[in-house]
Amino acid sequence: MAETKQDRIQLNRGLAQMLKGGVIMDVTNPEQAKIAEAAGACAVMALERIPADIRAAGGVSRMSDPAMIKGIQNAVSIPVMAKCRIGHITEAQILQAIEIDYIDESEVLSPADDVYHIDKTQFKVPFVCGARDLGEALRRIAEGAAMIRTKGEPGTGDVVQAVRHMRKINRQIHELTALRDDELFEAAKELQVPYDLVKSVHDNGKLPVVNFAAGGVATPADAALMMELGAEGVFVGSGIFKSGDPEKRADAIVKAVTNYKDPDMLAKLSENLGEAMVGINADEIQTIMEERGK
Amino acid sequence: MKIGVLALQGAFIEHEKMLSSLGAETTEIRQKKDLAGIDAIVLPGGESTTCGKLLKDLGILEPLKGLINNGLPVFGTCAGEILLAERIDGKSSTYLATMPMYVKRNAYGRQLGSFDTTADFKGIGEIPMCFIRAPYISSVEDGTEILAEVDGQIVAARYKNQLAISFHPEISGNTAVHQYFLEMVEQTDTLNIRQQAS
């Protein structure tokens with residue numbers, strides 16, 4: 001049976017559904033990947049430098065070395081994701097060629113194109129993209145993204161942007177569901193997105209793809225907060241391997257996401273985790289990554 | 001009839017919706033205490049390493065294993081199939097290990113190897129099957145019945161009250177396998193099982 005584009009969309013959105021309720025961890029080498037897997041990560045993001053170090057180093061940040069990504073693919077059995085620059089079609093093709101499980105077209109790297117995102121419908125491998133509001137989320141989905149995450153402000157350890165984005169997207173979804181059918185055309189115009197996607201959100205009360213939180217999550221309480229606010233899972237970038245005891249922190253964040261509604265358990269999980277990443281306040285930084293790609 | 005759905009990680013909400021659409025009551029299992037009073041349990045798709053670790057760390061594994069061994073009906077999809085397997089190819093450890101079969105994880109490779117197909121399911125007929133980084137059952141032991149095969153590989157099997165499948169009816173919209181499972185539950189004296197376990 002020949003596979004249609006619709007089949008592939010379902011399979012790729014489906015993989016994101018399997019990741020729900022889980023934690024996806026940034027790792028920079030096979031040893032970290034194994035720690036993440038043992039701690040219960042549902043996937044890992046392979047990258048040469050975690051966002052905090054990208055921020056510290058400055059300069060142009062690009063796709064990681066495929067050999068480094070393959071090393072991580074060989075080290076673990078869980079899905080492996082990797083980042084390409086916004087609009088960098090060729091980096092995405094390279095990641096597909098090494099059979100990555102998910103591509104993150106990411107604002108954490110330096111954008112390769114300041115106008116166009118990748119036409120993700122041309123790929124068999126699924127993509128996850130960042131979004132700060134419903135318009136961005138639906139534009140990325142129209143381009144073929146099979147999963148959405150908040151942008152947050154990566155590498156800061158400050159969760160405020162992720163909270164803002166998650167609240168905004170969910171508020172806008174609620175607002176859409178309250179509209180009359182004949183008001184949806186105008187809503188599509190205002191959001192600058194296709195009508196069909198607006199109609200889908202209006203009818204179902206949710207995005208047509210899974211929505212994770214990302215950016216600035218540093219503690220089990222941060223991860224649980226994002227779940228409380230409606231995230232379907234959590235990406236943790238710098239928060240784990242920039243902390244004092246990565247194994248213990250990773251383990252605690254995984255359990256906090258599963259039991260985010262149980263404060264007694266969250267209290268136990270938050271004990272004696274060692275030093276959290278130092279962090280910088282998101283309003284004290286020079287490079288605002290969340291504004292890349294709209 | 002109250003069906004527990006293991007809600008540690010993965011696509012558990014999809015199972016809850018499908019079971020609700022068939023008229024069954026569902027409850028999420030996140031901790032040991034949530035096992036009280038359930039008539040059956042669904043182990044959803046997700047990451048088996050994640051779900052397996054949480055099962056152990058949260059103290060759910062042993063009581064759940066006891067319930068299943070006493071006859072509590074269980075339905076495992078994809079990662080759930082791996083949790084049920086007595087042996088996992090290439091791994092020395094197992095999880096619930098209540099079902100006499102061997103499984104192979106990521107048997108079709110990475111995400112590019114994920115696929116849709118249709119195939120015959122014994123007792124149901126031809127149904128759509130969606131495989132996402134799926135395992136297959138590499139062999140079954142005596143007493144485990146093969147229910148479906150795709151390209152010569154076993155993708156569904158049953159052993160007493162345990163049903164394991166490699167694919168994802170919960171996202172393809174076809175309710176036939178869930179209906180099959182609910183009929184299995186209806187034929188079971190679950191009150192007796194709970195009393196034995198306690």
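**Exercises on helix packing and the A–B interface**

A:Leu184, A:Phe185, A:Ala187, A:Ala188 and A:Leu191 of H8(A) meet A:Tyr195, A:Val198, A:Lys199 and A:His202 of H9(A), where contact means heavy atoms within 4.5 Å. The model is predicted: local features need pLDDT of at least 70 and side-chain atom pairs pLDDT 80 or more, while totals for chains, interfaces and linings use all residues. Residues are numbered from 1 along each chain as its sequence is written, chains are lettered from A in the order in which they are written, and side-chain values use heavy atoms, without hydrogens and water.

**Exercise 1. Describe the contact of H8(A) with H9(A) by class and geometry.**

Step 1. The residues of this contact divide into seven nonpolar, one polar and one charged. Ala, Val, Leu, Ile, Met, Phe, Trp, Tyr, Cys and Pro count as nonpolar, Asp, Glu, Lys and Arg as charged, and the others, Gly among them, as polar.

Step 2. Helix H8 spans residues 184-191 and helix H9 residues 195-204 of chain A; their axes come within 9 Å and cross at roughly 115°. Helices (H or I, at least four residues) and strands (E, at least two) are DSSP runs numbered from the N terminus. Axes are lines fitted to C-alpha atoms, for helices over the stretch in contact, with angles from 0 to 180 degrees between N-to-C directions.

Step 3. The crossing of H8(A) and H9(A) is right-handed, a term for a near helix turned clockwise from the far one by less than a right angle.

**Exercise 2. Describe how H2(A) and H4(A) cross and which residues make the contact.**

Step 1. The axes of H2(A) and H4(A) come within 9 Å and cross at roughly 35°. H2(A) passes H4(A) in a right-handed crossing.

Step 2. H2(A) contributes A:Pro30, A:Ala33, A:Lys34 and A:Glu37, and H4(A) contributes A:Gly71, A:Ile72 and A:Ala75.

Step 3. By class, these residues are four nonpolar, one polar and two charged.

**Exercise 3. Characterise the interface of chain A and chain B.**

Step 1. In this interface, 40 residues of chain A are in contact with 36 residues of chain B.

Step 2. The two chains bury about 3,100 Å² between them, 52% of it on carbon and sulfur atoms; buried area is the accessible area (1.4 Å probe) that two parts lose on being put together, summed over both. A:Leu11, A:Met18 and A:Thr258 supply 21% of the area that chain A buries against chain B, more than any other three residues.

Step 3. Four salt bridges (a side-chain nitrogen of Lys or Arg within 4 Å of a carboxyl oxygen of Asp or Glu) join chain A and chain B. A:Asp101 forms a salt bridge with B:Arg133, with the closest N and O atoms 2.9 Å apart.
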